Amino acid sequence: MAKISTHIRRKVLELAVALVVLAISTQSFGQVMVQGLHDRERELFNLINEARIAPLAMAAKLNMDPEKVLADLPELKDILINGLPPLSENEQLAAAASGHTNDMVENAFYSHTSSSGADLAERILMTGYIPASEAETLGLAAFTNYLDPAYAVSIIFENMFRDELNPNRKEERAILSPSFEDLAVSIGAGVFELGYNYQNAYVATCVFARSKTGSLENQLLDLVNNVRKDPRAWLEDNGVDTKKLLEETPSLDALLSEGAPPLTMDEALKTAARLHSSDMAENNFLGNDSSDGTGYKTRLRLHLGRLPVETGETVYGIEQSFSDDPAKLLPVIVRQLILDEVNDIAAGGSAILLNRVLRMAGIGIASAISGTSDISLRSLKITCDLTSLDYLDVSPSFLLWSNPPPGSPWQPPVTGPEFDPLPPGSPWSPPIEPPYEGSFEEQIGIELKRLIDLARENPLDMAEEMGLDPDELLLILPEMTPILLDGVSGLIEDTTLFDTAYSQARDIMKYGYFSTESLDGLGASDRISDAGRGELTNGIETIGSVATTAAAEAGSLARVLFEARFKDELNPGYEGVRVILGADLNLSGVMVASKALDEEGLAGGKYYLWVMDAATGGTDLASNANQGMSIAVESLTSSGLRRSWMARLLLRWGDDGGEERSLADFRDVKKRPSRVENGLDNRQRLVY
């Protein structure tokens, strides 16, 4: 009976948690997590690297005393003062991290051991990554109602880093360890049993590792150079009758007598070799052509940025158990490669590893789960790319062509596979960056700025385009005649004005009011001065908004927002300061933000807000139209967004027993800085 009661209580609690989550969003908590946590993973990744690069600076950010940290951890003095290199991303480690995070979320546990009993090393090996060292750090942030994912990341990271700076720590450090080169971060969210309660929680898995691949590649190069140094002795040690070999293949006499110069590892060649090995491992094939059909000579040409006189490539594949050390296979692999090559030469083929002309090398080793049904096997793929020291003298522009245009002065000096064409969409093709069009909101902002400048330069033309009578405007706005007839110069983008516009747009969206004054009663001029630009004069701000329930083009929305403001300024009864037609203004910053609409009748729609700050003075950055533009897109909870100039908006503080404050009381908020400046820990959400 006790078991049944416990089960019922658990189900009731799970239902209650589900209802709380439902109040936050109509989607499941896991779905919201998937949509919103990828950026949070990047934040945690960057925080870890920031802490590695400057540990004491990060400690100071977390309100820790750097001097005390140094005193408590004398064994880490060098690392704390000089830092460590940042860690690199790795897709295989990412698979291990995300797999463990998903396992913990789906099975509601929190441990370094997976639900199947696998430890970290086993989970990493199962991705094909060959670790020389590895470590894992877990983090968890629990909550009962709502916790902003970004704030959850800050909590998780701070706990991780403080733990690493704990002088009583017994475990090996990860963030501050020089033993690692790669990092993967995965964040998930679910319901966990913590003590006797079930709570929502964000959980993070951080996998640190250093690959053995680089060491294996260097070992392989050393083994090949050992053969090149004295091929005759090596062949005899491996059971080859060199006397009989020379009788059958006299062309080998110079090689066996004199050997070949050592190969030097080239970074560009190594990158090309690693990419091809990864391609073979991931797509389970073995060959000199890439999975898309690109030939090896084209790959080398594009990676080197020049044309070697002579090139060569050899590839090799083998499967082994995850538990076996790949280093023990290298002598076997080199023996097989050399013996095969000698047999090829004897049969009339060409030398590659033993080619005396080829002096530069790139060796790449990649590993993946075997393509067979036996998941306990690792598939190793090896690529050895070699080139001569000499290069053909051709135009650099030629290297960007897979096939030079007919009649080009840069026709290939030789023909054949050296210039094999690139298949369409090949990853080896030189990247062609598409013109940046910006996000939807940024496109609105760019179009707004364009329309404003057109209106300033030709006010009457713009008015006529909007259906207004230019002659009538001249009659009813005599004080504006010079500006209407001659126009004024366009506005220059200014980064400080963009920052102040962004700050105001963010606050309007977050706190649900509609005003050019901030919550503490400051106007645009005061905010500009507080931002360190006290030399600017005539600081002014204009704002506008539109809500739409149907899909609309950025240009159409920009036009609606612009025309509403411009018509206001052309109204003879307009009592405000004109911004679009402000003759004294020469600087501006435009910000566009949006929020989803969930309220009845507007579900699926969006609310767009634009804020423009303008002033007079010298710019801190005169730049192109895209600079000074940015985008803030935030999602609302199920409470939705009402038109704040029509509705009475209430703000509930989570630690004040449900105290409600109306729009009229907002200016008192700044008297409580802990809730505004540090708001994520105390502020809950907007309600009506």
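Buried means under 20% relative accessible area, exposed means over 50%, and partly exposed lies in between, with a 1.4 Å probe and protein chains only. N538 has a relative accessibility of 42%, so it counts as partly exposed. This is a predicted model, in which local features need pLDDT of at least 70 and side-chain atom pairs count only at pLDDT 80 or more, while totals for chains, interfaces and linings use all residues. Residues are numbered from 1 along each chain as its sequence is written, and side-chain values use heavy atoms, with hydrogens and water left out.

Stay with N538 for a moment. It sits in strand β12 (residues 537-548). Helices (H or I, at least four residues) and strands (E, at least two) are DSSP runs, numbered from the N terminus. N538 is not a glycine, yet its phi is positive, at about 60°. N63 also has a positive phi, of about 65°, without being a glycine. Its place is the loop between α4 (55-61) and α5. N63 has a relative accessible area of 73%, so it is exposed.

Side chains of opposite charge can pair when their charged atoms come close. A salt bridge here is a side-chain nitrogen of Lys or Arg within 4 Å of a carboxyl oxygen of Asp or Glu. By this rule there are 21 salt bridges. One of them joins K68 and D72, at 2.8 Å from N to O. Both residues lie in helix α5 (residues 66-72). They are 4 residues apart, about one turn of the helix. D72 is partly exposed because its relative accessibility is 29%.

Helix α17 (residues 440-457) holds another such pair, K449 and D453, again 4 residues apart and about one turn of the helix. Their closest N and O atoms are 2.6 Å apart. Both D453 and K449 are buried. Elsewhere, salt bridges that share partners join E465, R559 and E563 into one network.

R169 and D163 form a salt bridge too, with 2.6 Å between the closest N and O atoms. R169 is buried, because its relative accessible area is 15%. D163 has 35%, so it counts as partly exposed.

Now turn to the rings. Rings of Phe, Tyr and Trp (its six-membered ring) pair if their centres lie within 6.5 Å; planes under 30 degrees apart count as stacked, over 60 as edge-to-face and the rest as tilted. The structure has 6 aromatic pairs. In one of them, F180 and F208 have ring centres 6.0 Å apart and planes at 45°, so the pair is tilted. This pair links distant parts of the chain, 28 residues apart. F180 is in the loop between α9 (149-164) and β3 (182-194), and F208 is in strand β4 (residues 197-211). Both F180 and F208 are buried.

The rings of F440 and Y608 are tilted as well, because their planes stand at 55°, with centres 6.0 Å apart. F440 belongs to helix α17 and Y608 to strand β14 (residues 606-616), so the pair ties together parts 168 residues apart in sequence. F440 is partly exposed, because its relative accessibility is 28%. Y608 is buried, because its relative accessible area is 6%.

Next comes a pocket. On a 1 Å grid over the protein atoms alone, a pocket is an open set of points where a 1.4 Å probe fits, with protein on both sides within 12 Å along at least five of seven lines; lining residues have an atom within 4 Å of a point. The second largest pocket is lined by 31 residues. N90, Q92, R274, S278 and E282 lie nearest its centre. Helix α14 gives the most to this lining, with 8 residues. Elements that each supply at least two residues include β1 (88-89), α7 (91-107) and α14 (267-283). Domain 1 (36-211) and domain 2 (260-388) both give residues to the lining, so the second largest pocket lies between them. These domain bounds come from an automatic or database domain assignment.

One last stop is A108, in the loop between α7 and α8 (120-125). A108 has a relative accessibility of 32%, so it counts as partly exposed. A108 and Y198 are 90 residues apart in sequence, but 9.8 Å apart in space, C-alpha to C-alpha.
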